[in-house]
Amino acid sequence: MAAEGHGPTAGEYIQHHLQHLQNRTQEGIANFSLSEPVFKLDSLFWSILLGVLGCFLLWRVAKSVTSGVPGRLQAAIEFLVEMVDTQARGIIHNETSRKAVAPLALTAFVWVFLMNAMDLLPLDLVPRIWESIYGAAGGDPHHAYMRIVPTADLSITLGLSITVLLTCLYYNIKIKGLGGWIKELFSAPFHAHGVAAIVLAPINFILQLIEFAAKTISHGMRLFGNMFAGELVFMLIALMGAVGFASLGGVALWLGHVVAGAAWAIFHILIITLQAFIFMMLTLVYVGQAHDKH
């Protein structure tokens, strides 16, 4: 993690924790190469694992549901299902579409919540375990990178929002027909007739593209920004405790680290739940807008 012979500085510590386990080093802010793609293996592993875990949890509860007094887990899942169904009924009035979109929104909420909740694990717990495994396999422990919060990775959150975009495009075509949707792309939001319609058609089309892009980017960036900021706060709190251990009379800093860590973790429970709810609601809203004819 640090140069040989001394412990990591604050900058080195944070930089190490912000590095992903990747198949190769990424050059630049973004990589769009199809011939040499960059895969963030830790984000893929944890997101897929938590997605499978979330689906298994929902399936398990649905399979063992009883008509009597429900257990805590069943009651929690029933509450979530009822909440999502209520929100879906108020936004998506097409019953056929709702049968597919409501489960999609429920899955999004559970999946995003589980990925967000990884931020509540001790910051160095999983990375330290991975360093031991990596070192035992012959690798350099200083390069054993492991980030366990997939939603603090922009590629994951944008991947989720692009999936919502594709769902919206599907329902645009399904509800309005391909011809009707193409007509809407060139006629809304400035509805005109005659020559004015021809003149405004390119402007309408550009505005429609901007709207789709803005929705998708903001959908993913909102979730990423909140979770990335939360992760950084946990790192700064961890550094406070490290400084307390390393200095004489640092008991106050160490106590501050404990109090601040506990307070931020409790507050962060609200954040991870709220962000999952917002992502789910925006999914319903965007798909609902795909059903509206302009």
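Let me start with the aromatic cluster. Phe-234, Trp-264 and Phe-267 are linked into a cluster by ring pairs. Keep in mind throughout that this is a predicted model. In total, the structure holds nine aromatic pairs.

Take one of them, Trp-130 with Tyr-134. The ring centres lie 5.7 Å apart, the planes make an angle of 50°, and the pair is tilted. Both residues sit in helix H5, and they are four residues apart, about one turn of the helix. How exposed are they? Trp-130 is partly exposed, with a relative accessible area of 22%. Tyr-134 is also partly exposed, at 27%.

Now a second pair, Phe-186 and Phe-205. Their ring centres are 4.8 Å apart and their planes are at 5°, so this pair is stacked. The cut-off used here is that planes under 30 degrees apart count as stacked. Which parts of the chain does the pair link? Phe-186 is in helix H6 and Phe-205 is in helix H7, 19 residues apart, and the pair links distant parts of the chain. Phe-186 is partly exposed, with a relative accessible area of 36%. Phe-205 counts as partly exposed too, at 28% relative accessibility.

The peptide bond from Ala-188 to Pro-189 is cis, with omega near 5°. As background, most peptide bonds are trans.

What does Asn-204 contact, leaving aside its neighbours within four places in sequence? The list is Leu-185, Phe-186, Ser-187, Ala-188, Pro-189 and Phe-190. Asn-204 itself is in helix H7. Is Asn-204 buried or exposed? At 1% relative accessibility, Asn-204 counts as buried, because buried means under 20%.

Next, helix H2, which covers residues 41-63. H2 has 23 residues, and at 1.5 Å a residue the helix should span 33 Å. The C-alpha atoms at its ends are 32 Å apart, which agrees.

Which residues of H2 are buried? They are Asp-42, Ser-43, Trp-46, Ser-47, Leu-50, Gly-51, Gly-54, Leu-58 and Val-61. What do they pack against? The partners are four helices: H3 (72-91), H4 (95-117), H5 (125-136) and H6 (154-187). H5 is the helix that holds Trp-130 and Tyr-134.

The last topic is empty space. Rolling a probe the size of a water molecule over the atoms shows where empty space is left.

Which helices each supply at least two residues of the lining? They are H2, H6 and H7. The largest share, seven residues, comes from H6. Sorted by class, the lining has 18 nonpolar, 10 polar and four charged residues.

Now the cavities. How many of 30 Å³ or more does a search of the whole structure find? It finds two.

The largest cavity has a volume of about 100 Å³. It is lined by 13 residues, and Asp-119, Leu-123, Ile-148, Val-149 and Glu-231 lie nearest its centre. The lining of this cavity divides into nine nonpolar, one polar and three charged residues.

The second largest cavity has a volume of about 40 Å³. Its lining consists of His-219, Arg-222, Leu-223, Gln-275, Ile-278, Phe-279 and Leu-282. Two elements give two or more residues to this lining, helix H7 (195-246) and helix H8 (251-291). The largest share comes from H8, with four residues. By class, there are four nonpolar, two polar and one charged residues in the lining of the second largest cavity.

How values were computed: Residues are numbered from 1 along each chain as its sequence is written. This is a predicted model: local features need pLDDT of at least 70, side-chain atom pairs count only at pLDDT 80 or more; totals for chains, interfaces and linings use all residues. Side-chain values use heavy atoms; hydrogens and water are left out. On a 1 Å grid over the protein atoms alone, a cavity is a set of points where a 1.4 Å probe fits but cannot get out, and a pocket is an open set with protein on both sides within 12 Å along at least five of seven lines; lining residues have an atom within 4 Å of a point. Grid points are joined across faces, edges and corners, and a volume is the space filled by probe spheres set on the points. Ala, Val, Leu, Ile, Met, Phe, Trp, Tyr, Cys and Pro count as nonpolar, Asp, Glu, Lys and Arg as charged, and the others, Gly among them, as polar. The expected span of a helix is 1.5 Å times one less than its number of residues. Buried means under 20% relative accessible area, exposed over 50%, partly exposed in between (1.4 Å probe, protein chains only). Contact means heavy atoms within 4.5 Å. Rings of Phe, Tyr and Trp (its six-membered ring) pair if their centres lie within 6.5 Å; planes under 30 degrees apart count as stacked, over 60 as edge-to-face and the rest as tilted.
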